Amino acid sequence: MPAIEVVLYSGAIGLSIIGLTGLLLLNNVFRMLLALVILESGVNLLLILSGFRLAGVAPVILPEQLSNLSAIVMNDPVPQALVLTAIVIGVGVQALGLAMILRIKAQYGTLNMLKIREQLEFDLAVQSGVATPVSAHSPVSLASGRERQLSNHKDEQ
Amino acid sequence: MSVLDDLLLFTALASVAIIVLRRFAFISKFSVVVYVLATVLLIKMSALGYGGEAVYSSFTVNVLGQVLQWRFDALSWFFALITLVVALFTALFMSGAWGDKYRKEHSKEAYGLLQVALILNVLSMLVLLASGDLLSLFIGWELVSWASFMMMALNPDKVARKAAIKYIVYAMAGAMAILMAIAMTYNMTGSLDYVQVMQGMAQLNNSQIAVLVSLYAIGFGIKMGVIPFHLWQATAYAETPGAGAVFMGAISARMGLYALILVIVQIIGLTRVAAIEIPYTFLDMQNALAWVGALTTIIPTYIALKQNDARYLLAWHGVGQGGYMLLGVMIADSIGTAGGIMHVFNYATYQAALFMTVTAVIYRTGTSNFSKLGGLVTQMPLTFMVMVVSIIGLAGIPPMNGFVSKWLIYRALLLDGQPLLFVAAVIGTLGTILSVYKLVHNTFLGQLRLEHQDVREAPLSMLIPMLGLAIIIFATGVMPGVVLDWVAAAQIAIGIAPVEHNLGGIELVQGGLNMIWVTGVMFYGFAVGAIIFYFLGGKSKHIHQYDNYAGGHFLTSKVRYHYSNHFYAGLMHLIGGWYRNIFIKLEYALVSLVSFMSQLSENFYRSSQPAMLVAAIVMLALWYIMSADGSAPVLVQGLQGGMSK
Amino acid sequence: MTSVTELLAELLLMPFIAFVVGLAMVLMYRKIAARLQRRIGPPLLQPIYDIVKLYGKETQISHGLIHDIGLVMAVGGYVAAEIFLPVPGMDGIADKGGIITLSYVLMVPSLGLALGVGQCANPNGSIGISRALTAMLAYDIPFIIVVFGVATHYQSTSLVGMIEYQQIHQWGIFEMPLLAVAGLFALQGMMGKQPFEIYVAPAEIATGPMVEMSGKYMGGLFVMQTFQLYTAGVLYTSLFLGGGANWFEFLVKIFIVVAIPMSVALVFPRYRTEDMVRIMWKWPVMVALIGIAFVL
Amino acid sequence: MDNIVLLVVLPLLAAFLMPVVARSSEVVARTLGLSVLFISIGIILNVWSQSGQIDSQAVSIVIGGFLPPLGINFYVDQISLFFALAVPVMVLLFWPWHRATSIREYSLMMLLTASASGLILSGDLFNIYVFYELLGIASYSLVAIQGRVSAVAASFRYLLMGSVGSVMMLLGIAIIYTQTGTLNLAHLSLLAPEKLNNMLGLASFALILTGMGVKAELFPVNSWVPEVYGSVSSNLAALMAGLLSKLAVIVIVRLLILLFPQPEALQLMGMLGILGVLTGELVAWRSRDFVRMLSFSSIGQLGLIFLAFSIPGEMGMMAGIAIALHHMLVKPALFMLATGWRGAVENLSGVARRSPFVVLLFIVLILSLLGIPPLPGFWAKYLLMVGLSSQDGFIYTLGMIIVPLAMVIEMAYLFKIVMIMYRKDNDEPAVNNSNIVDDSNIVDDSNIKVVQKHSKWGLAIAASVAAMLIAIVLQLQPASDKLLSLANQLSDRNYYISTVFPQIHTVRMQSIK
């Protein structure tokens, strides 16, 4: 395997690992989204590489080449098409995610995934009447830190 | 159209009619007529009870490659007869005064639903009894379970509701065990038809049989309430509304026995069961099941001894009596099986009568709590008489019918050389005697409570079925041959040598039993006793019930003077410590385990980071793949190969 | 096959013989007691005098129909039991029952007494019954194990069959000594003699089943007691001592059998109910189970 | 036949047109969406009625003139046609009528319809990926658009999980492509026994399973389920739990049959299915909230489906299809009942007296869900059990034990609710229900009302589902025959190949590389 391919492959795999690790370790939702972007890039790169030929040319058959078709090394177009679609969709999803993050930040006042999850669960419980809504005047220990968020929440309504 | 079609169709149509007409006042009379007609249809098949050919239904369903069919053989006919007779008596019982009071206390709808539950129970039981293959057996089984649940759920009390839900969870567990077993049977034998399964069983090895038998036994055993699945039954039956309890207590749990006899005795065959040794014990599987039966007679009976409510006491006895039936059937000779099967009939009669008497007492006094009863014999003598007849049956004392079936079981155990089982059965009987005396003493004997001074005899509409049952209990006790005919036919149907019998009992070279003689001698003895008592000596003076003394003081009726609390204090001093609620704790532990697992799972769903899960599953998959055949290098090579292409 | 006259004779004679023999046993008991206590003891006909006296009493309190019926059941049950017990020359009807039936017929008197006492509405009586039933639970378990062992050994549940076997082979007591010992133990309880007489509790009349029994009710119980002694003797003799080839042998055996528990009774104090249950479930059961192990 | 393509094209077109049209005329835009759905249904019914042979003969529709494996194709057989019909029908049934304000939601629903139809019909991996992603975007947005911030948060977590899943799926597709050089399913299926029957193929299956599993509520990538279903309207929850999850399952199963002959693949899926059943039912048992309970019960049922499909052979296929179809009927109906019963189950105390008919409906539905004979659910479960017991191997034996236990647990919690409903002594709700938000007013967060009334539409759906269940019971024999033919068609690889390449013997399959 030529050195350049090794570098490319390691780069792609490295990007994927960075992305996955980021998703695992980070708590900030925005950073998580970024990690997702990196992961996607890594995988896309990997995909591209699978159809990549070192000395390859664009997969367009010119009339003069028809005679010795087998001599030409071409890059595989299918992975490229696939990646193109994947990138487009990925961007769409990331934009959607970003929009959601904005809304979440506005309402919950935090970007911490753990806190969001906690608040989400609490909200769901309150909606279904399983838990009692925490009043802004209840002791902090009972509200366990949700108090501030909830009062924010209420104010915005 | 065979007679079986008529019967099933008639009952189904009657169910629809009763569901539609449930709010009308005439529904109670109507249902009595329905059960009479159904019984007549059943009697048209009475050839079955004397060794006739099985009756097939002309209705079959093809589904998923299975043919569902229905048929009646002697065993089904015997159980169906008990079911319908008990249903008839129950319907009679609830048609009169009891029903009126129930309507008034609850609502027309509630009474109508009780009738609906009764007919649905009867219908589902008939469907179960008529099943002609394992799949239709399972369908009938589930129908019975849910019909019973409906009956139990009619009582809106909290205790009753809890009992009902507990029942249905147990029942579901049982049903699932049966479903597992049926699926395995299908794969092992290639069919679910009784005959083909029976042939297929011959090819199976012992471990397969062992798995099947355990699963079937668990499934059917849960319905019977055998140890260790006995916890649900007593509360559920006791809390069923009055007349419903009569029916449920008498027959419902016996469906488990029917299915058990059908599958384990008839289809699998006890010789196969007996061939399975249980490791680390001296028991084979048949013996183990017999021991389950024996423990079921002992433990619930002694739990019954501690009850302070008549309904609960009876319901716990119901559980215990099921143990005798299982024990009898598991002895597997003609006498023991006859005893086990006959006990179903006998038990149904006296249990129904007992529940009726208790319901009558509740009807008049409003309670079945022993601490609030006593001395009712002067007010309700006929009810008392029925109860005495029934408890003599329950305790298995001659000349009532319960004695005959128990005698058969004892005799079989003797012949079989099973001392410990024999002793266990006797311990159960002795416990029964103790607790039935407590029942009759605390309800009818002793001091009459002041508030019950105006209590009158139970109304005629309730007395008639009670007395009818008492007559049956006595008559089949004196002439057990009547029932033994049917039992023998059922034995032939399940492939066991029929018991040699005559009208009075059975003839054996080594000591038989002739109930006509026994009864005759006993009544002769009583006559002699009566002569000694009544014709000799001075005339006795009847005094009022309240005319008592204590330590030289005459008492007024206001002083509570009735020994009902902690009745067997001496015995409880000794064995009280043995009640450790082990099974309740076991059940609780199981629930705790589920709860713990549930929290664990919930924590998983709650704390999961999406990416972590994805990573986890990928890692899991990779690990699984690599560990599958140690081909990690292959994977790496494959990856490299793939990439370098 | 027995003829009708023979049957009638059995029906009439057997209870009567039992009564007479039982009276003699009561007398024997009282004589033994007197001798041990260095008294002379009652005259020959004292038991019958007692019964006649009780029957002749003027105050006879009945607490209701069940009170009467209970007593009838108590006496009648024993009368029936006597007919099922084979005696020399009369075993036509005994064949119809057998040992299992007999054990259960023997519960009828207990039940009758329990019902009768219950009707009296005296808690002391009820306490006595509760103790009596507990006692029954205590002694019946070793007894039933013994019955099982014996029936297995003789391969029969018919008492007649057992006696025949023993007369051909050997007495049961030699073939099954352990069971015989356990049986004797159970017999002690069954007869309600010391140390197992808590439920009768003669010393404190206020807490026994007899608390409301006066006049002929007490007389009935006396009659019952004669039957009880006789039954115990005959049963044990039939099971272990080969019955009797003739009346003389038979009577000697049953008197000896009954004399043993009586003598034991007179030198022992009384156990509490739970102690009685404990001891009954421990020693005789253990011995009987070992005995069964030999039989099987 | 060729107008099957319109099933994807028309809704997609409508999805993009609707916002534009809405600027000029909102009424037209609304009718546009609905009419497209009706047209879709019409097309399928037309296909069904015209080509009666679809029962016996599947069809491959070539798109764009290039023949497979170079071109792309739609594959139409009984099951895909059935699901293609189910998509517009169910979208129509759970159409967000009441939200008059939002044309965006209509548009997203159309996108959902298009991508769902495309997903089930697609005959190559590439399109499957694309439609799957589109479906993802549509569903994230639909969840997020529900108004409440909790829905947004839930949707974000869903999105994160779904995106990571789709990246994994892409990776899996990449591996397949590197191994075989094609993405056409039929072509892959030809090559699979040779080229994918190795550890690498298995790895790609695991990756694809992870990706698709997110939508199919596969354990362990299903933690979004309770959050999302809990925060969206019952309509959407019904659609997602009923339809979308089944679509994903069917696609996974199709890939599994065509591409992955390894028994390990089946076992992996079975194992995850078992874990799903177990955890889902266990958590549902502890849930105190009706919708949450239904969500976890849905996870459990999906686990059952995976377990069923993991059984090799016809029995497993039949069981899987039966459970999937059954769940597809029952779960939406239950979610429809949840419109009036949102919130703590304790609040349902005494509803049986207020609305006995609805409770009866509920009981019929859950009885079928539990598999009580003779309701259809029983036959599905019976097939599953028979299938499980016919296999040796640890996973199937474990499934044999776990499934009944899970059913018992499911019974326990479902009937706990029933008993609460029939409670008499306590008609006052035990828990403060002032926080319960009615479905119909979900847009406005501040509009908090205590309404416990079912929408008539939802009740009608639930009632008709119950009626259908009973109708199936009455028509067991035809139903079971139909099931058998569905299963046969779905599980036959060679049939798929020969349908797509009718001239399989004459055409020389040339690899692109």
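**Notebook: chains and their contacts**

I began with chains A and D of this predicted model, and found that 38 residues of chain A are in contact with 44 residues of chain D. On the chain A side, I noted that α2 (29–50), α3 (77–108) and α4 (113–127) each give two or more residues. I saw that α3(A) gives the most, with 16 residues. Sorting that side of chain A by class, I got 25 nonpolar, 10 polar and three charged residues.

Next I looked up the other pairs of chains. Four pairs touch, and I found the most contacts between chains B and C. I found no contact between chain A and chain C, where the closest C-alpha atoms are 53 Å apart. Chain C and chain D have no contact either, and I noted 40 Å between their closest C-alpha atoms.

Then I turned to chain B. I listed 25 helices and 10 strands in chain B. Its radius of gyration is 28 Å, close to the 26 Å that the globule rule gives for 645 residues, so I wrote down that chain B is as compact as a globular protein of that length. I also noted that its C-alpha trace spans about 120 × 55 × 55 Å along the principal axes. I found that 62% of the 645 residues of chain B count as buried. Of the chain B contacts between residues at least 6 apart in sequence, 78% join residues at least 24 apart.

Last, I checked the largest nonpolar core, which has 621 residues. Among the residues with the most contacts inside it are F78(B) and L365(D). Which residues does F78(B) contact, leaving aside its neighbours within four places in sequence? I found G49(B), I341(B), W486(B), V487(B) and A490(B).

Definitions and conventions:
Residues numbered from 1 in each chain as written. Chains lettered and ligands numbered in written order. Predicted model: local features only at pLDDT ≥ 70, side-chain atom pairs only at ≥ 80, totals over all residues. Core = buried A, V, L, I, M, F, W, Y, C linked by C-beta atoms within 7 Å. Buried ≥ 20, exposed ≤ 12 C-beta atoms within 10 Å, placed from the backbone. Contact = placed C-beta atoms within 7 Å. Helix = DSSP H or I, 4+ residues; strand = E, 2+ residues; numbered from the N terminus. Nonpolar A, V, L, I, M, F, W, Y, C, P; charged D, E, K, R; others polar. Rg over C-alpha atoms; globule rule 2.2 N^0.38 Å.
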